[in-house]
Amino acid sequence: MTVMQHVWIVLGVLFVLLNIAAGLIWVERRMLAMWQDRLGPNRAGPLGILIVLADTLKLFFKEDWVPPFADKWVFIFAPAVVVGSVLMSFVIIPFTPQIIVADLNVGILFFLAMSSLGVYSIVLGGWASNNKYSLLGAMRGASQMIAYEVFMGLSLMGVVMLTGSFKLGDIVNAQKDMWFVIKQPVALIIFFIAGIAETHRLPFDIPEAESELVAGYHSEYSGMKFGMFFIGEYLGITLISAVTVTMFFGGWLGWSFLPPWAWFFLKTFAFILFFILLRASLPRPRYDQLMETGWKILLPLALLNLMITGAVALLIRG
Amino acid sequence: MSDAFAILDLLQQNFGADTFIQQSTVDDIPTLWLPKEKIISVTTYLKTNIPQPFNLLYDLCGMDERDRSGKEKLPVKDFTVIYHLFSFERNSFIRLKVGLQGEYPSLPSITGVFKNANWYEREVYDMFGIKFEGHPHLQRILMPLTWQGHPLRKEHPARATEIGPYRLVNETIDREQDALQFKPEEWGMQRESDDADFMFLNIGPQHPGTHGVLRIVLQLDGEDIVDAVPEIGFHHRGAEKMGERQSWHTYIPYTDRIDYLGGVMNNLAYLLAVEKMAGITVPDRVKVIRVMLCELFRISSHLVWFGTFAQDVGQLSPVFYMFTDREKVFDIIEAVCGGRMHPNWFRIGGVAQDLPKGWDALVRDFVEYFPKKIKEYTNMVIRNSLFKGRTKGIGIYTLEEAIEWGVTGPGLRACGYEWDFRKKQPYSGYEMFDFDIPTAQHGDCFDRAVVRVEELWQSLRIVKQCLENMPEGSYKADHHLTTPPLKKYTMQDIETLITHFLNVSWGPVIPAGEAMSCIEATKGANSYYLVSDGNTSSYRTRIRTPSFPHMQMLPFVSKGYTVADLLSILGSVDFVLADIDR
């Protein structure tokens, strides 16, 4: 590929991702409304889709305020971290065999490394706000994300063992005959739970639990800086969905009547909807309950899964 | 009721015959005047030393007697502090009155006897300037700390127009802001312990989890609650003071707004007391109509609680479904009363109009529709394991603690005590209905929720019985004090014309006397203690609301739990700020 092609892929991926993240605002609000027996945004444009534009405009034109008691530069830096780290993670996602920004041979490790950087935005944002609610949210967020990252990584290692590669392209190709969801169902469940915790969405939105902590770590944020957290969250959902699809549901693979990118998009979208459905249906566990489930149930389960996968893999290879 | 008066002999034997002066009241509650030196020993005696003790401090209020006409017949002085004690085992009240002389008198505090006396005494101090010696923290509770004067004293103006224009200048803002600053030392709190600095977290007055303008200051060690100080009064509207200005009839709409989720149930509590004094007995049809409306409001109130409780623990959707169903209840209420949340529909001696044509079809539709919804919500919320995880074993209090703190209603029944005023002291014809009192055993957030959900079923049962057995007859009592007065004989003789004219223009004159009503409202026991000195408006209107003691208990219940649990506890208590602050 030429340099120009690479540039186009990068720009194209960036463009599509940012639009999806913005579009998800509308999707989520409409879907939530549907499940909650109400209408949702339906005034601006057909089916209310222009709410995205209205929301963005509102965020842009709001006063970009830094509280006088906040640590100014860290306060400004924090929201950029979340968007930056999530966008970097997309580098290794194979949308189709051709459209991938960089098929690194440490692909999964890169993804794990980048998503763990996301915790910085919560901690820094919460700390720099110099607000008690933000601080509590940041503390909760830090421990939650660190705990869940451990077995998020472990749950993926089973797939890596079966493929024998960290490259996501290889992993997708290894699923030509059978999706890994069949061989690694436990890993899928653990990864998805960890993914929800990682994106701190309901039911695991503990760092920002609105009935307890007002808005948690981003209580003091407004305008586009808040918008960055917002976009970061939707990008995070998209990322976790995309990785789930790549690792367990055969990525772009599918019957030939649809192009590979369409398969990838459809599968990812299904998981995004599942994220939203979760938000519509489940209550939030308490912070210590979440940690307990993580360390006492999910971590041993992930290790067990890894051991069994390894044993079986060794047996088969003889 | 002869049983109720047996306690008087016992008291006179123990404290001497000349200690007490007995007063007779229309509500048949034994009423005793006693000197202030004796109040601690008498309350202690009633609480601990007799069989079937009076273990609940039901209400404590003050009264300014200086302008009361006809007071010569009573042993009153300038002010009175009135204690209502209740004995569950005797199923009866006793009313103790302490007369006080002087501009700003004082008397001993009974906080050492009853824990829940704390806030009540603060309220009396706030409203009358009466000091309680030995009170741990006698500070204003409903009015701002910077308030001048004590509102329920008769010389205090009742309307803004009597005070002069209000100006908000910078100094005022600074002064008010300073007054709101929380100083832990004032509450006897440490800023640090041996191994930790405490964080003081200010929740509210504006906070998504407090269901209204409530402020709670938490003393936190990490996320664990060491202590909490609820600050109330932001929703105070002077309802009791307004009772002294409004006529007996025109006060009814104000009662709607006390427990604003309870609607006409508040009217009922007020009117039962008025009707006792006026000597009105209402026809059966009125009773059944009132019961039906009250139970519909109980359903509607419990639905709001259910939805918001689920939301407090992070479940977003149920509140939308339940508000939709609440609309269905409101459709019936609207068809019957014309209003929705505050219909102001009960009248002295009856209700405003007869039931409209076709009411039965509306009610029948709802009675058939609602059961499957309750089942659905039980599955959705109560049986959800995350919900159980958030509520089971959280916010526990025992039955003894509940009574000590003055808990009534579902919060008491969740401790395993089958107590419901609708059954034990039936009013407005509840004895005619067939229903159960749901209870639970553990007294935690989950049990309080289960009891309320079960009450939805029971209320539905009562509504169904109203539907099937609505008696024929008049919707108003045939009594000259009913409002608006009956017009039957108005055009025939001058006497009834004059009565009618006065009743409409001034409002009815309720004979002098005192009466307290007691109903099982949506959140617990709700009472109106009314004193008439034979005038067109009440001399003293005291509203005993269930949420007030429930909120007072919050620090006790929430100690040792986390911030997240606090929200479960707040949700499970089911309070309404207007019901606390009045």
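A salt bridge is taken here as a side-chain nitrogen of Lys or Arg within 4 Å of a carboxyl oxygen of Asp or Glu. B:R582 forms one with B:E123, with the closest N and O atoms 2.9 Å apart. This pair links distant parts of chain B: B:R582 lies in the segment after α20 (577-581), B:E123 in helix α3 (residues 117-128), and they are 459 residues apart. Helices (H or I, at least four residues) and strands (E, at least two) are DSSP runs, numbered from the N terminus.

The model is predicted: local features need pLDDT of at least 70, side-chain atom pairs count only at pLDDT 80 or more, and totals for chains, interfaces and linings use all residues. Residues are numbered from 1 along each chain as its sequence is written, chains are lettered from A and ligands numbered from 1 in the order in which they are written, and side-chain values use heavy atoms, leaving out hydrogens and water.

Over all chains, the whole structure has 41 salt bridges. Two further pairs are listed below.

| Pair | N to O distance |
|---|---|
| B:D59 and B:R542 | 2.7 Å |
| B:K97 and B:E514 | 2.7 Å |

B:K97 is in strand β5 (residues 92-100) and B:E514 in strand β13 (residues 513-516) of chain B, so the pair ties together parts 417 residues apart in sequence. Both B:K97 and B:E514 are buried, where buried means under 20% relative accessible area, exposed over 50% and partly exposed in between (1.4 Å probe, protein chains only). B:D59 is buried at 0%, and B:R542 is buried at 2%.

A network of salt bridges links B:E295, B:R298, B:R413, B:D420, B:R422, B:E455 and B:E520.
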